[in-house]
Amino acid sequence: MSRSTSAAGIVSAATAAALGVLAISCGTDGVVLTATQTGIITVRPASSQDVAVSPDGKFILIGDDNTNKVQLVRPDGSLVWEYNLPAAEQLESGAVAADATMVVVGGQNGMLYALSRTGTLLWQKARPFEEVQVAVTDIGDKVFAGAGTNIACYSDIGTVLWSRT
């Protein structure tokens with residue numbers, strides 16, 4: 001996952017390189033572009049500054065800062081599910097395990113959300129850190145959340161396994 005801003009308005013990109021799936025967030029333009037090895041290019045409206053692609057390339061997590069929604073979509077742009085974050089929350093970062101067994105959302109206000117493949121909230125943690133950056137293992141058994149020099153590791157059921165502050 002990388003995040004940068006350019007004159008073209010690209011603010012982040014995520015890839016499943018071995019599978020040739022690329023998702024690019026053009027936050028200032030209000031769209032997420034997806035391209036695959038087979039030449040499928042989709043455009044999906046979203047004003048998120050972060051995107052995440054599952055390691056198997058089957059799922060892309062995007063957010064819409066205007067509506068406080070996060071969406072799991074397929075590379076062809078079809079919607080798998082949509083989850084409404086609380087009104088004061090926006091997607092800061094996201095991570096998707098293979099086959100979307102675990103989808104993790106870090107909020108700009110410090111909340112951490114773990115969602116199932118169907119978009120059901122599995123667990124959430126209140127303010128582990130401000131502007132939470134997240135990662136999840138490929139099999140979804142561990143979630144990592146951090147900000148600055150603070151980091152924590154959670155089990156798939158939300159138990160803190162270790163933390164460093």
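Reader: How do β8 and β9 pair, and over how many bridges?

Author: β8 and β9 are antiparallel, with 5 bridges between them. Strands here are DSSP runs of E with at least two residues, while helices are runs of H or I with at least four, numbered from the N terminus. Two strands count as paired if DSSP finds at least two bridges between them. The model is predicted: local features need pLDDT of at least 70, side-chain atom pairs count only at pLDDT 80 or more, and totals for chains, interfaces and linings use all residues. Residues are numbered from 1 along each chain as its sequence is written, and side-chain values use heavy atoms, with hydrogens and water left out.

Reader: Which residue in β9 is the bridge partner of Val73?

Author: Leu79 is the partner of Val73.

Reader: What sheet is that part of, in what order?

Author: An open sheet of 4 strands, ordered β6-β7-β8-β9, with antiparallel pairing. β6 and β9 (79-84) are the edge strands, each pairing on one side only. From one strand to the next the twist averages 20 degrees; axes are lines fitted to C-alpha atoms, for helices over the stretch in contact, and angles run from 0 to 180 degrees between N-to-C directions.

Reader: And β7, buried or exposed?

Author: Buried, meaning under 20% relative accessible area, against over 50% for exposed and partly exposed in between (1.4 Å probe, protein chains only). In β7 (residues 60-64), 5 of the 5 residues are buried, so the strand is largely enclosed by the rest of the structure.

Reader: Which residues sit on each side of β7?

Author: Ile60, Ile62 and Asp64 are on one side, Leu61 and Gly63 on the other, and all are buried.

Reader: How does β7 join β8?

Author: Through 5 bridges, running antiparallel to β8 (residues 69-73). Gly63 is opposite Val70 in β8. The two strands form a hairpin with 4 residues between them, and Asn68 in the turn has a positive phi of about 60 degrees.

Reader: How many bridges between β6 and β7?

Author: 3, also in the antiparallel sense, with β6 covering residues 51-53. Val51 is opposite Ile62 in β7. That hairpin has 6 residues between its strands, and Gly57 takes a positive phi near 75 degrees.

Reader: Change of topic. Where is Ser155?

Author: Ser155 lies in strand β16 (residues 150-155).

Reader: Why does Ser155 count as buried?

Author: Because its relative accessibility is 10%.

Reader: What is Ser155 in contact with?

Author: Leaving aside neighbours within four places in sequence, Ser155 contacts Trp123, Asp141 and Leu161. Contact means heavy atoms within 4.5 Å.
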